[in-house]
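Me: I am new to this one and would like a guided look. Could we go through it together, one question at a time?

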Amino acid sequence: MKRIFFYVALIALLSGLSTKAGVLYAAGAKKQAAVAQSTGAANPADYVGSEVCATCHADAVKKFSSNPHSKLALAHGGTGVTCESCHGSGKAHVEGGGDVTKIKQLAKMTPAQIDATCLTCHANTHPNFMRSSHAKAGVSCTSCHSIHAGDTEAKLLKAPEPKLCYQCHTDVKPAFDMPFHHKVNEGLLKCSDCHDVHGTFGNNNIRSTADLNAICTKCHMENRGPFVYEHPPVKAEGCLACHTPHGSQNARLLTVPNINQLCNQCHSAVAASTVHSLNAGSADRNPCITCHTMVHGSNINPAFIR
């Protein structure tokens, strides 16, 4: 008898909760409708369609025909990305005889407004853009991308890499003319191979990876490891502890001209008054790598001797 009473009470309780949830859901839906009305949410009747836009903007529409944005519109039966997806509903603009104040003009919008417009669709692809150095510096999407262009191979870039990047990063450009440099100007590498221009959690928009050296070792695989005996700086500080990434007057893109000086930044106690007899300023001695050839790591010797 007690068990029957328990189940009856449980059913009554669940029924009450269900009824209460239904009431709250209905109230929430009513509230959302009121908010949408008060904020002036777009009315479908205010959209005129791309065909109407083409009557005045034939040149832009012609270039847009091979644009990946227009391909998205076709993929959704003509209801996908259209002119009004970026420029807003066009009814008032058309009825005003082309009144430019009644349509979104990206050329006259602030960088933050432009980015917000693009991120309505691209937020999932570029979730870190607002924390990127480009966004913080006011470099908007249209600073690098030509939205109406039809060059799908270059991702709608206004110019190819690295020419596009050099327009702002003039301080970096001379490094690629150094005697030793990564082959960016030669076309073997691109800036975006190492940098995610849309933002990462790293400094200088360096691509985020679980292994901080993975950007380098995807090309320099012989130094990837894992090794039985790891050189601690390689794991702790990474490649940039010893190498400068863009270009250098030093062989192997080293940060200093002499290998012994580089090693002595950490190993000065080893160099001075020991069997090495190298002393603190050992630039005149045999290079450390004469013996310690496996400086990135070794599977044989803890002193990184081959």
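**Around histidine 145**

Me: Where is histidine 145 found?
Reply: Happy to start there, and please keep in mind that this is a predicted model. Helix 9 covers residues 141-144. Histidine 145 is found in the loop between helix 9 and helix 10.

Me: Which residue has its backbone oxygen 3.0 Å from a polar atom of the side chain of histidine 145?
Reply: Leaving aside neighbours within four places in sequence, histidine 145 is in contact with Lys155, Leu156, Leu157, Lys158 and His198. One of these contacts involves a backbone oxygen, lying 3.0 Å from a polar atom of the histidine 145 side chain. That oxygen belongs to lysine 155.

**The chain as a whole**

Me: How many helices and strands does the chain have, and what share of its residues count as buried?
Reply: The chain has 14 helices and four strands. Its accessible surface comes to about 20,700 Å², with 61% of that belonging to carbon and sulfur atoms. Of the 306 residues, the share that counts as buried is 24%.

Me: Which residues make up the largest nonpolar core?
Reply: A second, separate core has five residues, including Leu106, Ile114, Cys118 and Cys141. The largest nonpolar core has six residues: Leu254, Val256, Ile259, Leu262, Cys263 and Cys288.

Me: Do tyrosine 166 and phenylalanine 176 count as buried or exposed?
Reply: Buried means under 20% relative accessible area. Tyrosine 166 has 12% relative accessibility, and phenylalanine 176 has 5%. Because these values fall under the cut-off, tyrosine 166 counts as buried and phenylalanine 176 also counts as buried.

Me: How many disulfides does the search find, and how far from cysteine 118 is the nearest cysteine sulfur?
Reply: The search of the whole structure finds zero disulfides. A disulfide needs two cysteine sulfur atoms within 2.5 Å. For cysteine 118, which is in no disulfide, the nearest cysteine sulfur is that of cysteine 141, at 3.8 Å.

Me: Does cysteine 121 count as buried or exposed?
Reply: Cysteine 121 is in no disulfide either, and its nearest cysteine sulfur, that of cysteine 86, is 6.7 Å away. Cysteine 118 counts as buried at 16% relative accessibility. Cysteine 121 has 54%, and the cut-off for exposed is over 50%, so cysteine 121 counts as exposed.

Me: Which residues is threonine 117 in contact with, leaving aside its neighbours within four places in sequence?
Reply: Threonine 117 is found in helix 7, which covers residues 111-122. At 10% relative accessibility, threonine 117 counts as buried. With those sequence neighbours left aside, its contacts are Cys86, Lys104 and Met109.

Me: How far apart in space are serine 70 and threonine 82?
Reply: Serine 70 lies in helix 4 (residues 68-75), and it is buried, with a relative accessible area of 12%. In sequence, serine 70 and threonine 82 are 12 residues apart. In space, their C-alpha to C-alpha distance is 6.7 Å.

**Backbone details**

Me: What is the peptide bond from glutamate 161 to proline 162, cis or trans?
Reply: Most residues other than glycine have a negative phi, and most peptide bonds are trans. Proline 162 lies in the loop between helix 9 and helix 10. With omega near 0°, the bond from glutamate 161 to proline 162 is cis.

Me: What about the bond from glycine 225 to proline 226, cis or trans?
Reply: Proline 226 is found in the loop between helix 12 (214-217) and strand 2 (229-230). Omega here is near 5°, and the bond is cis.

Me: Is arginine 252 buried or exposed?
Reply: Arginine 252 has a positive phi of about 65° although it is not a glycine. It is found in the loop between strand 3 (247-248) and helix 14 (259-271). Its relative accessible area is 55%, over the 50% cut-off, so arginine 252 is exposed.

Note on methods
Residues are numbered from 1 along each chain as its sequence is written. This is a predicted model: local features need pLDDT of at least 70, side-chain atom pairs count only at pLDDT 80 or more; totals for chains, interfaces and linings use all residues. Side-chain values use heavy atoms; hydrogens and water are left out. Helices (H or I, at least four residues) and strands (E, at least two) are DSSP runs, numbered from the N terminus. Buried means under 20% relative accessible area, exposed over 50%, partly exposed in between (1.4 Å probe, protein chains only). Accessible areas come from the Shrake-Rupley method with a 1.4 Å probe; for residues, only the protein chains shown count as cover. Contact means heavy atoms within 4.5 Å. A nonpolar core is a set of buried Ala, Val, Leu, Ile, Met, Phe, Trp, Tyr and Cys residues joined through side-chain atoms within 4.5 Å. A polar contact is a pair of N or O atoms within 3.5 Å; within protein, one must be able to donate a hydrogen and the other to accept it, and residues adjacent in sequence count only if both atoms are side-chain atoms.
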